[in-house]
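Here is a short briefing for a first look at this structure. Please keep the sequence and the 3D view open while reading.

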Amino acid sequence: MIEFKKVTATYKKDVGIFDISFKIDTNEMVFLMGPTGAGKSTVLKAIYRAIEINSGEIIIDGQDIANLNKYKIPDVRQKIGMIFQDFKLLNDRTVLENVALPLRITGYSSSEIYDRVEDTLAKVGLSNLYNSYPLELSGGEQQRVCIARALVKSPKIILADEPTGNLDPNVSDEILDLLDLFTDSGAAVLMSTHNFPLIKPRKKRFIEISDGRIVD
């Protein structure tokens, strides 16, 4: 589902990722490990094509997106659900409206939007909070809304950028349980983190990155 072949992507000289190669299969959850500034977010941005690729190939669902025409990038992003550490929710919109936003942008009908949002909020345990606003929720609840927003369009790939960074250990474990659950539907999940003790009990494959390069 995701394959990097000798990918280099830089912001400026000596800042970015260099000669990165790895593969993630369908139904697989993989952790991208490394300290702050190691290049974890840059890997995710490369998959989402939020950064230019200097060299190499990035194969997403069978398609090389490294040199994709910018007008075709939105089509690739439809396959990807993004989850952020700082949630990036719209505080003046309800939980339902936040989760519905990706579907409204892509032109789904109102009835289909409601059905999808209702089903997705049930899966993340937020059925009773449709009409709440983000600032009325706990950090764990806000992250569940962010997960629901990422999942509502049934993505093939889920990218999670330090999604447990601001959460306590018990809530962090619940978030990991949710992300792991969605691999059962065929999604590939790539989660960046610097918290090795959190992921160690999961017994999942992890990719370690330091100074923009994969550590053998």
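K6 counts as exposed because its relative accessibility is 54% (buried means under 20% relative accessible area, exposed over 50%, partly exposed in between, with a 1.4 Å probe and protein chains only). The model is predicted: local features need pLDDT of at least 70, side-chain atom pairs count only at pLDDT 80 or more, and totals for chains, interfaces and linings use all residues. Residues are numbered from 1 along each chain as its sequence is written, and side-chain values use heavy atoms, with hydrogens and water left out.

- K6 is not a glycine, yet its phi is positive, at about 50 degrees.
- K6 sits in strand 1 (helices, H or I of at least four residues, and strands, E of at least two, are DSSP runs numbered from the N terminus).
- E162 also has a positive phi of about 50 degrees and is not a glycine.
- The loop between strand 7 (157–161) and helix 6 holds E162.
- E162 is buried, because its relative accessible area is 9%.
- Most residues other than glycine have a negative phi.

- Four strands form an open sheet in the order 2-1-4-5, with antiparallel pairing (two strands pair if DSSP finds at least two bridges between them).
- Strand 2 (15–24) and strand 5 (63–64) are the edge strands, and each pairs on one side only.
- Strand 1 (residues 2–12) and strand 2 run antiparallel and are joined by 7 bridges.
- F4 stands opposite F22 in strand 2.
- Helix 1 (residues 40–48) packs on the sheet and touches strand 1, strand 2 and strand 4 (55–60) (contact means heavy atoms within 4.5 Å).
- The direction of helix 1 makes about 110 degrees with that of strand 1 (axes are lines fitted to C-alpha atoms, for helices over the stretch in contact, and angles run from 0 to 180 degrees between N-to-C directions).

**Helix 4**

- Helix 4 (residues 110–123) has 14 residues and should span 20 Å at 1.5 Å a residue (the expected span is 1.5 Å times one less than the number of residues).
- The end C-alpha atoms of helix 4 are 20 Å apart, which agrees.
- I113, V117, T120 and L121 are the buried residues of helix 4.
- These buried residues fall within an arc of 95 degrees seen down the axis of helix 4, so they line one face of the helix (the arc is that of the directions from the helix axis to the C-beta atoms).
- The buried residues of helix 4 pack against helix 3 (95–105) and helix 5 (139–151).
- Just after helix 4, G125 takes a positive phi of about 75 degrees.

**Salt bridges**

- The whole structure has 12 salt bridges (a side-chain nitrogen of Lys or Arg within 4 Å of a carboxyl oxygen of Asp or Glu).
- R202 and D173 form a salt bridge, 3.5 Å from N to O.
- R202 lies in the loop between helix 7 (196–199) and strand 9 (206–210) and D173 in helix 6 (residues 169–181), so the pair ties together parts 29 residues apart in sequence.
- D173 is partly exposed, at 31% relative accessibility.
- R202 also forms a salt bridge with D177, with the closest N and O atoms 2.7 Å apart.
- D177 is in helix 6, so this pair ties together parts 25 residues apart in sequence.
- K204 forms a salt bridge with D180, and their closest N and O atoms are 3.0 Å apart.
- K204 is in the loop between helix 7 and strand 9 and D180 is in helix 6, 24 residues apart.
- A network of salt bridges links D61, K79 and K156.
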